[in-house]
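Subject: Model handover

Hello,

The sequence and the structure are placed below for your files. My notes come after them.

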Amino acid sequence: MLLDLSAAFDTVDHKILLHRLQTRFGIKGKALSWLQSYLTDRSQSVQIDGFTSSVRPLRFGVPQGSVLGPLLYLLYTAPLGNVIRWHDMDFHLYADDTQLYTTFSCDDKDDLTTTISRIESCLVDITNWMTTNKLKLNTDKTELLILHSKFRLTPRLPSIKIGTDTIEPTNKARNIGVIFDNTVTMSFHINNIVKVAFYHLRNIAEICKYINVTTAEVLVHAFIISKLDFCNSLLYGLPKYEINKLQSVQNAAARVIAC
């Protein structure tokens, strides 16, 4: 389960956060006062075409783009781990990305029924916890991905229900920038890299005659090589025909630089 939260960083309650920092993590005295000063008395306005809106106070949220923003959010949502552990499920938290993991046997109907019940019960408790802590689970973007061997039929899994919403299993899902398919062939991810990389390569090639080699190298590293390097350890052991797709991108990038 890949959970999605609506405007997570913007709805953090300062009072709850400061209380949690003090009672759960032992931050007190000057350190707590410093964090309180960091969070409070902030304001924002919007400027478009030289026109500025009125200034409004920021009573909730942690500053996005800041160093402390993701850290404070993780401390704020730390108790969520206890909620998930209580249902005997594994999890991974990365800023506002939350993933739940569990295993089940495709051939055991009782195990499957128990797994569905455990997931739904866990999601109910997560939703309740988030409501209490001023967060909102976005069920429209929450995804269910069943990983299984490509040499067997896809297990038939009933839909997962969260309140009145129903989540159907999907054949692929994006997880922190990487597209995972249900048989972990990484084909969707590789094809997406190739598509985006060649799009940028065509644009760079069009202006190649107006820039020098050094500038072309900078553009290729920024738009092409960075995508080939991102999480490339996940591609270890894939068939050669999949890796060759990425090699063709690298070869094309070298030709663009050499032009």
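What follows is a summary of the sheet, the helix contacts, the pockets and the cavity.

This is a predicted model, in which local features need pLDDT of at least 70 and side-chain atom pairs count only at pLDDT 80 or more, while totals for chains, interfaces and linings use all residues. Residues are numbered from 1 along each chain as its sequence is written, and side-chain values use heavy atoms, with hydrogens and water left out.

Sheet and hairpins

Three strands make an open sheet in the order β1-β7-β6, with antiparallel pairing. β1 (2-3) and β6 (90-94) are at the edges with a single partner strand each, so one side of each has no neighbour in the sheet. Strands here are DSSP runs of E with at least two residues, helices are runs of H or I with at least four, and both are numbered from the N terminus. Two strands count as paired if DSSP finds at least two bridges between them.

β6 pairs with strand β7 (residues 97-101) over five bridges, in the antiparallel sense. Along this pair, Asp-90 is opposite Tyr-101 in β7, and Tyr-94 is opposite Asp-97. The two strands form a hairpin with two residues between them, and Ala-95 in the turn has a positive phi of about 55 degrees. On the β1 side, β1 and β7 are joined by two bridges, also in the antiparallel sense, with Leu-3 opposite Thr-98.

A further hairpin is formed by β12 and β13, again with two residues between the strands; Ile-176 in its turn has a positive phi of about 50 degrees. β12 and strand β13 (residues 178-181) pair antiparallel over four bridges, and the bridge partner of Ala-173 in β13 is Phe-180.

Helix contacts

Helix α7 (residues 213-229) packs on helix α8 (residues 240-258) at an angle of about 170 degrees, with the axes 9 Å apart. Axes are lines fitted to C-alpha atoms, for helices over the stretch in contact, and angles run from 0 to 180 degrees between N-to-C directions. α7 and α8 are therefore roughly antiparallel to each other. The cut-offs are under 35 degrees for roughly parallel, over 145 for roughly antiparallel and 65 to 115 for roughly perpendicular, with the rest oblique.

From α7, the residues Val-213, Ala-216, Glu-217, Val-220, Ile-224 and Leu-228 meet Leu-246, Val-249, Gln-250, Ala-253 and Ile-257 of α8. Contact means heavy atoms within 4.5 Å. The residues of this contact comprise nine nonpolar, one polar and one charged. In these classes Ala, Val, Leu, Ile, Met, Phe, Trp, Tyr, Cys and Pro are nonpolar, Asp, Glu, Lys and Arg are charged, and the others, Gly among them, are polar.

Helix α1 (residues 14-23) and helix α3 (residues 68-76) have axes that come within 9 Å and cross at roughly 75 degrees. α1 and α3 are therefore roughly perpendicular to each other. Ile-16, Leu-17, Arg-20 and Leu-21 of α1 make the contact with Leu-72, Leu-75 and Tyr-76 of α3. By class, this contact has six nonpolar, no polar and one charged residues.

Pockets and cavity

The search used a 1 Å grid over the protein atoms alone: a cavity is a set of points where a 1.4 Å probe fits but cannot get out, a pocket is an open set with protein on both sides within 12 Å along at least five of seven lines, and lining residues have an atom within 4 Å of a point. Grid points are joined across faces, edges and corners, and a volume is the space filled by probe spheres set on the points.

The largest pocket has a volume of about 490 Å³. Of its 22 lining residues, the closest to the centre are Tyr-101, Thr-102, Leu-145, Ile-146 and Leu-147. β7, α5 (109-132), β8 (144-145) and β12 (172-175) each give two or more residues to the lining, and the largest share, three residues, comes from β7. The lining has 16 nonpolar, six polar and no charged residues.

The second largest pocket holds about 190 Å³. Its lining includes Asp-10, His-14, Arg-42 and Phe-60, and by class has five nonpolar, five polar and two charged residues.

There is one cavity of 30 Å³ or more. The largest cavity has a volume of about 40 Å³ and is lined by Leu-5, Tyr-73, Thr-77, Leu-80, Leu-93, Ala-95, Thr-98 and Met-130.

Regards
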